[in-house]
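Subject: Structure handover

Hello,

Here is the structure I promised to pass on. Please open it beside this note and follow along.

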Amino acid sequence: METTITRPRMTVVVLLAVESAFALLAVLAHYAFTAEYGEVTGTALQGLVWGLTAGLSGMALIPVLLVGLIAVIAARARWMRLLAIAIPFIMLLGMLAVTPLAQHQKIERQLDSTPQCVSTDSSDLEAAGTAAAEQESQRIFDSIEHIGYFSGGGASGAGGCDRLLVISEDIDVLQHYRVALPAAGWEVIADNGSRLRAERDGLAFEVLRCSEGGVVWAGKTTDSFGTQCNL
């Protein structure tokens, strides 16, 4: 006995296929958008919400919902209607699953695992004193095991160098440096729970804990570090 597929049912099958294709494209678009422009300091859920409200990811959701709505209206079989409704939710789960991967890709591609104070362009060094100070700060940073990643945000000069530290997980930044600094030969001389300072051979290193990471600074013991979290 042959089973005949009616034209209305075939239409719904095509709509479901188109809806699924749009959903897959939306997941891929969300991944690419997050990997290029996304926030890297929040959770996967926060990254998903950001993607849906920031532009491209949210726009990619619109055709999925439109085609799904048409499929729900046109479908006579219950399972087809349920599938049309389920596809957007499956798409959101897919976006949530790929968000951490996209965040990690952005971190690896755009940020450094060690603070960078010295520019490769010598024209950026205004004076010999500034150049020497930047190089000294860079040697300090290179001597310490860091955590997270560093953006280019910060300032450097004769008074030392500071750089913004970003992390994508709930990590105790100060606790890391409480262990890493003594292991590298530094002596922690101040630790008030939000800011830590260590010294060695006339040099100083400080880290300030912020809501989405922190700020690290390197200079001489005679220099002061006044940077706040709104760097």
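This is a predicted model: local features need pLDDT of at least 70, side-chain atom pairs count only at pLDDT 80 or more; totals for chains, interfaces and linings use all residues.

Aromatic pairs

The structure holds four aromatic pairs. Take F33 and Y37 to begin with. Their ring centres lie 5.5 Å apart, with 50 degrees between the planes. That makes the pair tilted, because stacked needs planes under 30 degrees apart and edge-to-face needs over 60. Both residues sit in helix α1, which covers residues 7-37. They are four residues apart, about one turn of the helix.

Are the two partners buried or exposed? F33 has a relative accessibility of 15%, so it counts as buried. The cut-off for buried is under 20%. Y37 is exposed, at a relative accessible area of 53%. Exposed means over 50%.

F33 has another partner, W50. Here the centres are 5.4 Å apart and the planes meet at 20 degrees, so this pair is stacked. It links distant parts of the chain. F33 belongs to helix α1, while W50 belongs to helix α2, residues 44-54. The two are 17 residues apart. W50 is partly exposed, with a relative accessible area of 21%.

The sides of helix α2

Stay with α2 for a moment. Which of its residues are buried? They are G47, L48 and G51. These three cover an arc of only 100 degrees around the axis, so they are on the same side of α2. On the other side, L45 and T53 are exposed.

A residue in strand β2

Next, go to D162. You will find it in strand β2, residues 160-166. D162 is buried, with a relative accessible area of 8%. Now look for C117. It is 45 residues from D162 along the chain. The C-alpha atoms of D162 and C117 are separated by 8.0 Å.

Where to look first

Then turn to α2 and view its buried residues, G47, L48 and G51. Finish at D162 in strand β2.

Best wishes

Note on methods: Residues are numbered from 1 along each chain as its sequence is written. Side-chain values use heavy atoms; hydrogens and water are left out. Rings of Phe, Tyr and Trp (its six-membered ring) pair if their centres lie within 6.5 Å; planes under 30 degrees apart count as stacked, over 60 as edge-to-face and the rest as tilted. Buried means under 20% relative accessible area, exposed over 50%, partly exposed in between (1.4 Å probe, protein chains only). The arc is that of the directions from the helix axis to the C-beta atoms.
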